[in-house]
Amino acid sequence: MTPEELSRTALRALRRAVDAGELTARVPERAHIERPRPGGTGDYATNLALRIAREAGAPPLGIAEILSARLAAEPGIARTDVTGPGFLSITLDDDGGAGLVRRIRDDGERYGHAAADTGALAQLHTPYDPRALVVADATRRLLRFQGVRVRVTCAAAPAKAWQDILGIRVDGHGEPPAPLTTLRPVPAPGSPDPLALGRDAARWALLHPAPHDRPRTGDEHLAQRESNPLFRVRYAHARTRALTRNAADLGFTATPGPLGPDTAAHAAADAPVHPLLSALGDHPTVLATAAHRHAPDRLTRHLVRIADAFLAQAHTVLPLGDEKPSAAHRARLALAEAAGTVLAGGLSLLGISAPAHL
């Protein structure tokens, strides 16, 4: 169960409690779901009871107890605990992440995208600046897959080289109609010219830093080494594809299931969730946040997190020596393939290619 799904589950539990007359409160649009803080328990936590306590006219602890009982009956949730003044700690069913992996396999690169058009329209405007236009283009992609239609305008017609090399497009230039949101990230330096990097590296160089940081546009973005985040992300994706090919040579394919006790999932006794499963589960929330805050840099950093989590356990996927493929190997391969799917989808939203060979 992803944080987005867990948010909907928590709201459903609240709505049922309201319908049953157990609580009197307006159901918010979203329940805040986060990882437990140091010393906390469970896989996720929510402050929903604290958030609605004033409107409900009831103590947060009592609200949390009501929601806890309803949440514990939901499929996919193993246990709920009330902690502190009214926080809810949620422990998911221990299925080894198989449910999440199956969902990613079913959704493909659309995992984390909104299911339907919301009818909303966003008007984005940029100054005459290549970085602002690349940020607007990536934001357009993110918003579109959250069900929002987007129109992008620029203060002047973009240079043809920007369009050809960076892959940007605008719907108009000059003074746009209001209301609008103007994107003004710190411009890239004029030298080195980011266009010299080519489309993939240039877009990454302009998107990866936070909007208030000045991007670096040197050839470090072309280096095939671990210090280059873009290389790590694309290498991780290519590695997932190579593992599928290697597994086929060994005569087995992927099947979601428990990962087994000898993976990074159990590297720390107090780790509630496999780091890669955790990162993949957070993907829908990251996409939604990056879209609505017009911050594609959040997605770039998230893809680095997924890549690093995958690469840390990639060596466990295939059997070693005379070892025969087991159910755990099939499950680890399924998880690796899910990571590759999410990396490819994320790079596509940024307008960056994801080669199967690198």
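The accessible surface of the protein chain amounts to about 16500 Å². Carbon and sulfur atoms contribute 52% of this area. The model is predicted, and the values below are computed from it. Of the 358 residues in the chain, 51% are buried. Charged side chains number 42 positive and 38 negative. The centres of these two sets lie 4 Å apart.

The chain contains eleven helices and eight strands. Its radius of gyration is 22 Å, close to the 21 Å given by the globule rule for 358 residues, so the chain is as compact as a globular protein of that length. The C-alpha trace spans about 65 × 60 × 35 Å along its principal axes. Among contacts with a separation of 6 or more, 72% join residues 24 or more positions apart.

Two aromatic pairs were counted. In one, the ring centres of Tyr-128 and Trp-162 lie 4.6 Å apart. Their planes stand at 35°, so the pair is tilted. Tyr-128 sits in the loop between β5 (120–126) and α5 (130–144), whereas Trp-162 belongs to helix α6 (residues 160–166). The pair therefore ties together parts that are 34 residues apart in sequence. Tyr-128 is partly exposed, at 44% relative accessible area. Trp-162 is buried, at 13%.

Phe-231 and Tyr-235 form another pair, with ring centres 5.6 Å apart. Their planes meet at 20°, so this pair is stacked. Both residues lie in helix α8 (residues 229–250). They are four residues apart, a separation of about one helical turn. Phe-231 is buried, with a relative accessibility of 16%. Tyr-235 is partly exposed, with a relative accessible area of 31%.

Technical notes
Residues numbered from 1 in each chain as written. Predicted model: local features only at pLDDT ≥ 70, side-chain atom pairs only at ≥ 80, totals over all residues. Heavy atoms only, no water. Phe/Tyr/Trp six-rings, centres within 6.5 Å; stacked < 30°, edge-to-face > 60°. Helix = DSSP H or I, 4+ residues; strand = E, 2+ residues; numbered from the N terminus. Buried < 20%, exposed > 50% of the residue type's maximum accessible area, 1.4 Å probe, protein only. Rg over C-alpha atoms; globule rule 2.2 N^0.38 Å. Contact = heavy atoms within 4.5 Å. Areas by Shrake-Rupley, 256 points an atom, 1.4 Å probe, with all protein chains shown as cover. Lys, Arg positive; Asp, Glu negative; His and termini not counted. Charge placed at Lys NZ, Arg CZ, Asp CG, Glu CD.
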